[in-house]
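Hi,

Here is the structure I said I would pass on. Have a look at it first, and then read my notes below.

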Amino acid sequence: MMVWPILEPELMKHLSAELGVRVGTRVPSDIDGLPGFVRVARGPGTDDGLTDSPLVDVEAFAPTEIGAARLAEQARGVFHALKGGRRLAGILVDSVSTATGPAALQYSPTISRYVASYRLHYRPNF
């Protein structure tokens, strides 16, 4: 029986190291005091028994709209750099494509947010 590694923890570690900001699956209660934050969430997808192909939603938060836009674009670059056999602990990423590019969505009067989705195709890296 094929069991895929849980994707979010590996993406969180990698994004945090690459972007230099806190990354999580839930928006922290102290979001107003952070210079930037990225939220990742695995969405729906399919598999063929070997390769898992979920959507991954990415939200970039910052105190300014420009800051959130820059963080979102940096995150897009990190995702696309995973293409072509990049290994993240127990995951081998075959390909990445942008499903929806970063777009501004109101979060609060003091925090800006950009949201994007990426399609990952990955396999367990045994």
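**What I found**

Let me start in the sheet: Val-58 stands opposite Ala-116 in strand E6. That pairing belongs to E3 and E6, which run antiparallel to each other and are joined by 9 bridges. Before you go further, please keep in mind that this is a predicted model. Its average pLDDT is 94, and 98% of the residues score at least 70. Confidence is highest in strand E1 (residues 22–24), at a mean of 98, and lowest in strand E4 (residues 86–88), at 86.

**The other strand pairs**

E6 also has E5 as a partner: the two are antiparallel, with 10 bridges between them.

**The cores**

Now for the inside. The largest nonpolar core has 29 residues, and the members that touch the most others are Leu-11, Leu-15, Leu-19, Val-38, Val-58, Phe-79 and Leu-120. Two or more residues each come from helix H1 (7–19), strand E2 (37–47), E3, H2, E5 and E6. Which element gives the most to this core? H2 does, with 7 residues. As a general point, nonpolar side chains in soluble globular proteins tend to be buried together.

There is also a second, separate core of 5 residues, including Ile-31, Leu-34, Phe-61 and Ile-111.

Leaving out residues up to four places away in sequence, Val-38 touches Leu-15, Leu-19, Val-21, Arg-22, Val-23, Gly-24, Val-58, Glu-59, Ala-60 and Leu-71. Val-38 and Phe-61 are 23 residues apart along the chain, with their C-alpha atoms separated by 6.2 Å.

**Aromatic pairs**

I also looked at the rings. A pair of aromatic rings is described by the distance of the centres and the angle of the planes. The count comes to 3 aromatic pairs. In one of them, Phe-61 and Tyr-107, the ring centres are 4.9 Å apart and the planes are at 80 degrees, so the pair is edge-to-face. Phe-61 is in strand E3 (residues 52–62), while Tyr-107 is in the loop between strand E5 (91–104) and strand E6 (112–124), so this pair ties together parts 46 residues apart in sequence.

How do the two compare with the cut-offs for burial? Phe-61 has a relative accessibility of 1% and counts as buried, whereas Tyr-107, at 34%, is partly exposed.

Another pair is Phe-79 with Tyr-118. Their ring centres are 4.7 Å apart and their planes are at 15 degrees, so this pair is stacked. Phe-79 belongs to helix H2 (residues 65–80) and Tyr-118 to strand E6, so to speak a link between distant parts of the chain, 39 residues apart. Both Phe-79 and Tyr-118 are buried.

Phe-61 and Tyr-107 turn up again in an aromatic cluster, together with Phe-37.

**A buried arginine**

Last, take a look at Arg-113 in strand E6. Is this residue buried or exposed? Arg-113 is buried, with a relative accessible area of 18%, and the cut-off for that is under 20%. Its side chain makes a polar contact of 2.7 Å with the side chain of Glu-59. Setting aside neighbours within four places in sequence, Arg-113 is in contact with Glu-59, Ala-60, Phe-61, Ala-68, Ala-103, Ala-104, Leu-105, Gln-106 and Tyr-107. Glu-59 and Ala-60 are also among the contacts of Val-38, and Phe-61 and Tyr-107 are the edge-to-face pair from above.

Cheers

Methods: Residues are numbered from 1 along each chain as its sequence is written. Side-chain values use heavy atoms; hydrogens and water are left out. Rings of Phe, Tyr and Trp (its six-membered ring) pair if their centres lie within 6.5 Å; planes under 30 degrees apart count as stacked, over 60 as edge-to-face and the rest as tilted. Helices (H or I, at least four residues) and strands (E, at least two) are DSSP runs, numbered from the N terminus. Buried means under 20% relative accessible area, exposed over 50%, partly exposed in between (1.4 Å probe, protein chains only). pLDDT is the predictor's confidence in each residue, from 0 to 100. A nonpolar core is a set of buried Ala, Val, Leu, Ile, Met, Phe, Trp, Tyr and Cys residues joined through side-chain atoms within 4.5 Å. Contact means heavy atoms within 4.5 Å. Two strands pair if DSSP finds at least two bridges between them. A polar contact is a pair of N or O atoms within 3.5 Å; within protein, one must be able to donate a hydrogen and the other to accept it, and residues adjacent in sequence count only if both atoms are side-chain atoms.
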